[in-house]
Amino acid sequence: MKKIFLLLLFLPQIIFAQTFPSPHFPQNVFRNPLDIPMLLAGGYGEIRPGHFHEGLDLKTEGRIGLPVHAAAAGYISRISISNTGFGHVVYVTHPDGFTTVYGHLNRFNPALENYVKQQQYAKESWAVDLKFPPGMFPVKQGQLIAYSGATGSVAGPHVHFEIRNTLSEHPLNGLLFGLNIKDNIPPTVYRMALYNMDRSIYEQNPDVYGLQKESGIYAPSKKLILFNGDKIGFGVQALDHMNNTSGTFGIYEEILYVDGKPQIGFRLNNIGYEETRYVDAHTDYKTFKETGRHFELLFSLPGNKLPIYYNFGGNGTLDISDGKAHTIKIIVRDADGNTSTVQFEVQKNPTFKGLEKMNYANTMYVSSRNIFENNHVQFYLEPGTLYDSICFHYQQVSTDKPGFHSGIFQLGNSDIPMYHSFNLNLKPQKTIPESLHNKVVIVRRDSRGSGEDVRAAKWDRGWLVARFNNFGNFSIQTDTIPPVITPLNIHDNVDLSKAADIRFRIGDNKSGVASYRGELDGKWLLFGQKRNVIYYTFDEHCPPGEHTLKLTVTDAVSNQSVRIYHFKR
Ligand SMILES: [Zn+2]
C-alpha cells in the first residue's frame, strides 16, 4: 500500500473560552404553528444515522390534516416535495433574520397547492423544489400555510418544525426561543465510556460503566475506577425527557470537570447541514454499531470539525500518569437548564504495563490522502474522510454464486464512519458479455454480510467505478431484471367512475427504482409517491370518458417495465 502524506493541518475544532457564549435568540417571537398544545416527539440535537435531528417534532395527536400556521410574519420563500426527507415542506422567511421550516405536511393551503400543481405539470415532475421572492406569498403571523401529514421519511404523523438562521441556513435549537414547552425533568444518564487517548478510538473498545443515581448523583458502582492507560477521555450515554410526553430527547450540553476545574464542554444549538454528518465523530460510531448505544464524546476526534466544543482549561484528554486519584465530574444539561451530575474517581491502574503495539503496516490517517491499490481494487480517501486513524484490512474471497463477476472484496470495517464518500474501482475477474455492459452494479454489504447497497457502475478503462460512503464487502454483479409494477386498483377496461385515485406499488430487486412516468392519453400525469406506492388523484386532468394510461418504471441501470391500461372515467 502506498501512502502520500500531505502537509495538511487537521486540528480538532475546539474553541478556547471561559464559559459557553450566551446564545442571543429572541424570546416569544414565534407562535406554536399548531392549534393544539406543543408536545414533542423529537427535539434538537438527537443523534440520528448520519445527522443530528435539528428540528422540533410537534405531535399531532396521531392525526393528519391539522392546520399549520406561520409562526411569525414573513413570506413563503421555498416549497419542496419529495418522497424522502421532509416530504412536503414549507419555508417561511421572517424579517428578523430567521427562517422557519414546516415538514412532513399533507398538503399546502389552496393558493399554494394550485401554484405547485401548475409547476409540477410544467416541469413534468411530482418532486419539486421551488423558491419564491418576498412579494409572492407574504404571510401574517398565524396565517394558514398548510395541513399536517406524514410525508417524507417519517415513522408517523407529526410536524417537523425548525428555526434557522436565514443567512447561514443553520438550524438553531428551537427550544431556546421561549416556546411554551414544559420540561422540568433532568436528563437520564445511563452509562459512561472511558477511552485510552493514546490509541485511535477505532482500534479499542472503551471501558463501559453502568451508572446508578444515588442521592442525586450518577455514579458507577465502584467509586474509584482503575484505568489501564496514561491518558483518558470520556463519553456519556444520556437522554433527556420532557413532561407529558413519552418521547426521549437529545442532550443540550455537557461539561467535564477534573479535580474541580472545568476542562471541556459541548453545546448543541447551531449546526449547519455541511457539519451535521460529524455526528458520527461526536459519538463513538463503532461502539454504536456494535452495541446500539450512543456515547457522546467529551473530546473532539482529530477529523471532527464540529464547532461545538469549548476548551475551558483542557481538550478532554486527562493525563493520569501521576498515579494519583482524580475526581471526575460531568454535568449533563437539557435546554431548559435541568441538570444531572456524574461523579467518580479515576486512577491509573498500578499494574498497567503499557499498550500492545498496533499493526502500523496498513494504517490510514485523518489528514492523509489514503490510497489502496492492487490488480483488482483501487480507491483513495481524500484527506478529512476519516475522523481517527484506522488499521485497514483487506481480503479477497472467491465465490461461485451466479450473477457474480468478481470475488467478494472485504475492504476494511463497515463500522468506521467517513465524512467524504469515495470512488471504488473494481476489475471484473470474469468476462462480462458486451450485452451486459450497461447492466453492471457494484454491491456493498456491511462487514457482517447484511444490508445491501447497490450502485450502478460506470466503466473506466476496463475498471468498474461506483461511489460509496463506507467500507464493507464489495462485489461486481449484474442487474437484468426490470422493475415490478403491481396495480392496486386498476386493470384493463375497468370502470373507474367511482374511484378517487389510481395506485400502483413499484419496486426493483437490485439497483432500485430510479424514475417512473405516468401518461394519460399521451400526456404526462401527476403521480405522487409515498414509499413504494405511486398514486394519481382524479382531478381536472382526467375528465369523464375513455382513457389510456401508460406507466413506465425504470431502474438505475435502465431496465424498464411498461404497463398500458384502458379505462373509463
Ligand atoms: Zn423531525
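1. Confidence. The model is predicted, and the protein chain has a mean pLDDT of 95. Of its residues, 98% reach 70 or more. Residues 1-8 are a stretch where pLDDT stays under 50. The model still has 21 contacts beyond four places in sequence for residues 1-8. Where pLDDT is low, predicted coordinates should not be read in detail.

2. Domains. The protein chain is divided into four parts: domain 1 covers 25-176, domain 2 covers 188-348, domain 3 covers 360-478 and domain 4 covers 484-568. Taken over C-alpha atoms, the centres of domain 2 and domain 4 are separated by 52 Å.

3. Zinc site. Which residues coordinate the zinc ion? They are His53 through NE2, Asp57 through OD and His160 through ND1, at 2.0 to 2.1 Å. Along the chain, these donors follow the spacing H-x3-D-x102-H.

4. Is His53 buried or exposed? His53 counts as buried because its relative accessibility is 4%, and the cut-off for buried is under 20%. Asp57 has a relative accessible area of 5%, so Asp57 is buried as well.

5. His294. This residue is found in the loop between α3 (285-291) and β25 (296-297). With a relative accessible area of 23%, His294 is partly exposed; the value is not under 20%, so the residue does not count as buried. Leaving out residues up to four places away in sequence, His294 touches Ile47, Val236, Gln237, Thr283 and Phe288.

6. His294 and Asp453. In sequence, His294 and Asp453 are 159 residues apart. In space, the C-alpha to C-alpha distance between His294 and Asp453 is 24 Å.

7. Open sheet. Four strands form an open sheet with antiparallel pairing, in the order β42-β44-β48-β47. Why is one side of β42 and of β47 left without a neighbour in the sheet? β42 (484-487) and β47 (528-530) stand at the edges and each has a single partner strand, so one side of each has no neighbour there. From one strand to the next, the twist averages 30 degrees.

8. Pairing of β44 and β48. Strand β44 spans residues 501-507 and strand β48 spans residues 533-537. The two strands pair in the antiparallel sense over 5 bridges. Asp501 stands opposite Thr537, which lies in β48.

Conventions
Residues are numbered from 1 along each chain as its sequence is written. This is a predicted model: local features need pLDDT of at least 70, side-chain atom pairs count only at pLDDT 80 or more; totals for chains, interfaces and linings use all residues. Side-chain values use heavy atoms; hydrogens and water are left out. Buried means under 20% relative accessible area, exposed over 50%, partly exposed in between (1.4 Å probe, protein chains only). Contact means heavy atoms within 4.5 Å. Domain bounds come from an automatic or database domain assignment. Donors are N, O and S atoms within 2.8 Å of the metal (3.2 Å for Na, K and Ca); water is not among the atoms, so sites may look incomplete. Two strands pair if DSSP finds at least two bridges between them. Axes are lines fitted to C-alpha atoms, for helices over the stretch in contact, and angles run from 0 to 180 degrees between N-to-C directions. pLDDT is the predictor's confidence in each residue, from 0 to 100.
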